[in-house]
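Reader: I have just opened this one and I am new to it. Could you walk me through some of it?

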Amino acid sequence: MDLLAIATNWLGNAPDFAVPYALAALGLILSERAGVLSLGAEGLMLVGALAGIGAMLAFHDAAIALPLAMLAAAVVSLLFAFMVIVLRIQQVIAGLALVFFCQGLTSLLGTVFDWTNKPVSSFGALPIPLLSELPLVGRLFNQNLIVYLVPLLFWAAVHWLNRSTPGLRLRAVGENPQAADAAGISVPLWRFGAVVAGSALVGLAGAYISVVGTKLWIAGMTGGRGWIAVALVIFARWSPWRALVGALLFGCIEALIPQLAAAGVQLPQYFVLMTPYVVTLGVMVWVALAHRGGQAVHDEPGALGQPYLREERR
């Protein structure tokens, strides 16, 4: 395979690999902007992936399967929201417990319903006339519908968070819940809504992997992408646009691995598997050093990870 073909395939596949990271990161940003630290992305992605395949096997329509996958992840997230908002369980512990619960649940249900390794057919690419015929970059304009919708979704999220009254209320809940409560904003209600909406997007990320990407279910198929999304949010400093750029970075790295294999570059299997995590660690170290050196503005929501009870308002 010549270098031009490798570069063309790499650029063409990168957006497809980036979509799960982007959707999961956006979902986490919505939740954490409301002050709820969400470490359960890996588990919720598994729920979305399993529910998406189950719906595909039942209805044979991705337009039905993807929303149902979002609904499944949102329903499971109610358990997490109840634990951290109502019971005020430590959010890190609750998030880790959610991951382990979802890993076991999806493995069990996938086996019980015999959904493992059953291929499905999903929607294909939608080439944009003329642009998809350009040399080298033409593959960028020959993607599936979800890839095209992701930038629009990020634009809508940024506009909603920064320009709309509900978005500003959500950010107020995450920055200073006491002041938001004093202004008549229901902190628990907004946090519940943010967790559920964000988890639905994380579930969509998982469903994209199973329904659109691999087109089948395998236990643990998300392969740690949820954890990378958690790191990506920190790298992006809770900014949706920076998260999208970071998702493209990880998408490019993941898309490069099969292209190197196709070019005959022999890489140890375990080195290939650890590459995204090595990059994740490098990104985290860079963020920490940049912040310590005063090169970056820390945009963490002021009340992130802090429980709130109205009776404690001062």
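Author: Let me begin with the names: helices (H or I, at least four residues) and strands (E, at least two) are DSSP runs, numbered from the N terminus. With that numbering, serine 164 is found in the loop between α5 (145–163) and α6. This is a predicted model, in which local features need pLDDT of at least 70 and side-chain atom pairs count only at pLDDT 80 or more, while totals for chains, interfaces and linings use all residues. Residues are numbered from 1 along each chain as its sequence is written, and side-chain values use heavy atoms, with hydrogens and water left out.

Reader: OK, is serine 164 buried or exposed?

Author: Serine 164 counts as buried because its relative accessibility is 15%. Buried means under 20% relative accessible area, exposed means over 50%, and partly exposed is in between, with a 1.4 Å probe and protein chains only.

Reader: And what does the side chain of serine 164 reach?

Author: It reaches the backbone oxygen of tryptophan 160 at 2.4 Å, and the side chain of serine 164 also reaches the backbone nitrogen of glycine 167, at 3.1 Å. Such a polar contact is a pair of N or O atoms within 3.5 Å; within protein, one must be able to donate a hydrogen and the other to accept it, and residues adjacent in sequence count only if both atoms are side-chain atoms.

Reader: Where is glutamate 175, then?

Author: Glutamate 175 is in helix α6, which covers residues 165–175, and it counts as partly exposed because its relative accessibility is 39%. Leaving aside neighbours within four places in sequence, glutamate 175 is in contact (heavy atoms within 4.5 Å) with Arg33, Glu300, Pro301, Gly302 and Ala303.

Reader: Switching to α4: what span should it have, and how far apart are its ends?

Author: Helix α4 runs over residues 91–112, so at 1.5 Å a residue its 22 residues should span 32 Å, and the C-alpha atoms at its ends are 31 Å apart, which agrees. The expected span of a helix is 1.5 Å times one less than its number of residues.

Reader: Which residues of α4 are buried?

Author: The buried residues in α4 are Gln91, Ala94, Gly95, Leu98, Val99, Cys102, Thr106 and Gly110. They cover an arc of only 145° around the axis, which puts them on the same side of α4; the arc is that of the directions from the helix axis to the C-beta atoms. On the face of α4 turned away from this buried side are the exposed residues Ile93, Phe100, Thr111 and Val112.

Reader: What do the buried residues of α4 pack against?

Author: They pack against α2 (41–59), α3 (62–86) and α9 (225–236).

Reader: And what happens at the two ends of α4?

Author: At the start of α4, a side-chain oxygen of glutamine 90 comes to within 2.8 Å of the backbone nitrogen of valine 92. Just after α4, aspartate 114 has a positive phi of about 55°, although aspartate 114 is not a glycine. Aspartate 114 lies in the loop between α4 and β1 (126–127).

Reader: You mentioned α2 and α3. How do their axes cross?

Author: The axes of α2 and α3 come within 8 Å and cross at roughly 140°, where axes are lines fitted to C-alpha atoms, for helices over the stretch in contact, and angles run from 0 to 180 degrees between N-to-C directions. Residues of α2 that meet α3 include Leu44, Val47 and Phe59, and among those on the α3 side are Ala62, Ala73 and Ser77.

Reader: What is in the loop between α2 and α3?

Author: Histidine 60 is placed there, and it counts as exposed because its relative accessibility is 62%. Its phi is near 55°, a positive value in a residue other than glycine.
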